[in-house]
Amino acid sequence: MMSLWGISASQRPPERQSRSERRALGAGERHQWSSLVRLEDIDIVRAYLTDPALHGAVILGPRGVGKTTLARKVARRLEKNSHVVRLFGAGVPTDVPYSIFSIQLARLNARQSESPSAILGALVDQIFQDAHGLPIVLILDDLPGVDTLSMGVLMHLVLGGKAKLLVAARSLADFPEDLVWMIKDGLLARQRLEPFSRAEVRELLSKALDGPVAESVVATLYAVSAGNPLVLQALVYEYLQSGVLRANDGVWIQVGSLDEGTEDVLLELVESRMARESPEMRTHLEKFSLLNHVPLALALNVLGAEAVTALEDRGFLVIAANRSKTVSFAEPYVGETVRNQLSAYQKASYFEDLSELQALDAALLSPQELLIFASWINEAGLAMEPEVALAAAQAALQLFDPQLALACASHIRPDHPLAVQAAQKRSRAHHLMANYAKAVDALDTISIPVLNALSPEAYASWAMDLTVSLACLPGTKFRINKILAETEARILQASPEERLSAEKFYNLARFEVHINRGEFAQVLHDLSIASKDAHDRSYRLNCACLLTMALAATGHELDAIELSRVVDEEAERYNIVLRMKEWRLFGSLLALVWSGQWRSCESALQQVIEYSNNSLRYRGGGMELALGMAYMFAGRDMQAAEILLIAAAQLEVRDTYTSSELVYSALACVHARLGDEEQGRRYLTLAKGSVRHSMWVNRTLSDYFQALATHAMGDPAAVGMLVTAAERDFAEGRPTPAASGLRAAIMCGAIGQHDLLEQVAQSCQGPLATISVLLARAARATPATGENGAQLAMDAAGQARALELPDLARHANELALELASAAGDKKLAREARNGMRGLERADVQEQVQGSGNVPLTPRELQVARHANKGMSNRDIAGKIGVSVRTVEGHLYQVFAKLGITSRSALEEWVHL
């Protein structure tokens, strides 16, 4: 895969090069980048300049937002039919006469320069002569810096109707008074450029890198750049050069930390800005770069009111309108760059100054403040008190910074009384990074004598952390059971005072192990009681998180959705960080999908992705996998394929939630359903070759998708696999996945399963359960039952359409047509045919929209032409020098745009 800068993923250096070895970001590359953005603004500004009622327009926006780039694009559009004169201010106030017309002034002779009036006339005549009768457009950039005499020439040309004016500036405060009144009088139109939104950053990155980009990359780059195009471009360039941003099978992911400082392009940007500041102001900036994001009271205490005010006036800081009036850098990259240029000695020196002004009591600091000082201490090479280090490690885990948690925990010696708790923090940090074996190793380093000396509560806490990580590894069931038994025995020997708190850790460990294994019936009663504990909110809410997953699988889908909402609201209200919160998320998402509310599931996942920044680096692949599965359950295979490819690329680097088998199974299913049997079998082989899931959720979903994949590829045994799995789930108290599997089996042609489907669905909640009962009753309806099967099937079809489930609606319509025809009911048969035609028209409309709105890119056209010739994805990849997954991604885009679902349909598009 080639990036916008033409750097192949395989050619990128594995380590950073020195600045002398690195090539600069050229003007051609900057032009390529800018050509992807602000396209709609060009037409807007151009219209202002051609409006006879206006004298021109001004482009306003912060530094680096693209004002100059937009002005140049407008100029290029106008150059064919206009004479464009580019003028530049000095950037600072100046008294140099005619400064913006220096080039034109140099062409005047002595007689033309005798007096101001002569110069004015000569300059105007010269511009007219150069225009050769074409309309004149003056483009003025880099305000302030326009002297009075230059302003006189401008006003003569503009107010006299001889030229239109386009000005680019940061704010109206930079404008000369003459231009200000023209704006106020409506003679100059205003076009304000804002930083990019996160969605715009995502789109820009995909275009610039010519491929899909993981959401974790989007989140980090958006946060660091604050949506500033110039900074975003520099960041992407730096990360491509360093190898931190690279393509894995055609999907751009991060390998390492994207928030590490850069040394080249961004440094040059910051240095050019800092050069205008006094030494005192630079010192203030350096100090605040170590604070970065703190309440106003703390900033005032460390820097002083005068310094904070000056930094805000200069545009370096912004103060939020929240309760604590949080102070942060207006442009985050400035703070990161300044901080990364400080030596450990400078950081230590500043920390000494801080210590004299601010009492650092870990108990009084918020988690964010604690992390600020912990990070500062680490970077300065200073020692951290064990109690502070432990608290900082916990704060880092809460805020999804496992690397900092490991660094903080390292300050606690192995022989310190807090060593066991430090080991637990290290274990959780490794768990967050999906390194479950290391998470177990961190706890196994604790010696038997030390464990024996622990209190029952401390031992149960250690056991809970160990079982959580062991549950993510294969072949650990016996050891987990042994640890739980030993923990229970120690609790039974404890005093009544010690037993209560220890039992809570033990219960959470036991509950999670059973939930992980899918043994919901064994803990459902106990979890229901524990989730109502009136004395310990944290324990109660953690149990409720686990209960959400149990309810979702045991036929209480709507209850699970409501419980998830209540838990989320209460945890946020009381600022409680829940250890088991992932189970709440899993349970609510599955409850939504299994009950047919896939749109709500999509919305919830998009919100999680949108508002998760640092955490996406560690769980991004899992969230995108969940979104892809939601699309698959809804029959949106094209959308599913695109997002699943992105998920797979990330999970191959960090196997979050041990999901590799699941993502390959889902990809096998979606390829098979789209008619690409070659890729379907390839991903099925990868799925079967992956380590078998220990988590029941992943294991059962993998089996479900593999069965659907093999059915789509013609395996007659697949339907039986779905029925067998459903029977097992129902027998073991999991009616929700059983109903899902039986519906899929019946839609794939299973015979004689409607009675079981009705029995299972009656144990479930939600719209899909209702539809399932209707279909079962329709299939077995006879005159003796007194029910009209065709009408029941039509009712099911209508409800499926309302849920936007076209495959289920189509199945219900077909059943209605069959039953109506058999009964001789022409009216219902006609309604069923009309319903099927309506679904077909919806498909055609979607195809037309897909083919008409977005033209194929050159790369997509190239791939489509090769595919139309019968070449395999692997052959195409070798032919054009990209990965197989890149070819797959381009083909899915082609299918979506042309409104087709298989390679064979490409033959109809003869223009390829």
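## Cysteines

The sulfur of Cys 545 has its closest cysteine sulfur in Cys 543, 9.1 Å away, too far for a bond. A disulfide here is a pair of cysteine sulfur atoms within 2.5 Å. By this rule the count is zero disulfides.

Cys 545 is buried, at 0% relative accessible area. Cys 408 is also buried, at 0% relative accessibility. Buried means under 20% relative accessible area, exposed over 50%, and partly exposed in between (1.4 Å probe, protein chains only).

## Basis

This is a predicted model: local features need pLDDT of at least 70, side-chain atom pairs count only at pLDDT 80 or more, and totals for chains, interfaces and linings use all residues. Residues are numbered from 1 along each chain as its sequence is written, and side-chain values use heavy atoms, with hydrogens and water left out.

## Three-stranded sheet

Three strands form an open antiparallel sheet in the order E8-E10-E9. Strands E8 (293-295) and E9 (317-319) are at the edges; each has a single partner strand, so one side of each lacks a neighbour in the sheet. The twist averages 25 degrees from one strand to the next, taken between N-to-C directions on a 0 to 180 degrees scale, with axes as lines fitted to C-alpha atoms (for helices, over the stretch in contact).

E8 and E10 (residues 326-329) run antiparallel, joined by three bridges. Val 294 stands opposite Val 327 in E10. Strands pair if DSSP finds at least two bridges between them. Helices (H or I, at least four residues) and strands (E, at least two) are DSSP runs, numbered from the N terminus.

## Positive phi

Asn 292 is in the loop between helix H12 (279-291) and E8. Its phi is near 75 degrees, positive in a residue other than glycine. Asn 292 is partly exposed, at 27% relative accessible area.
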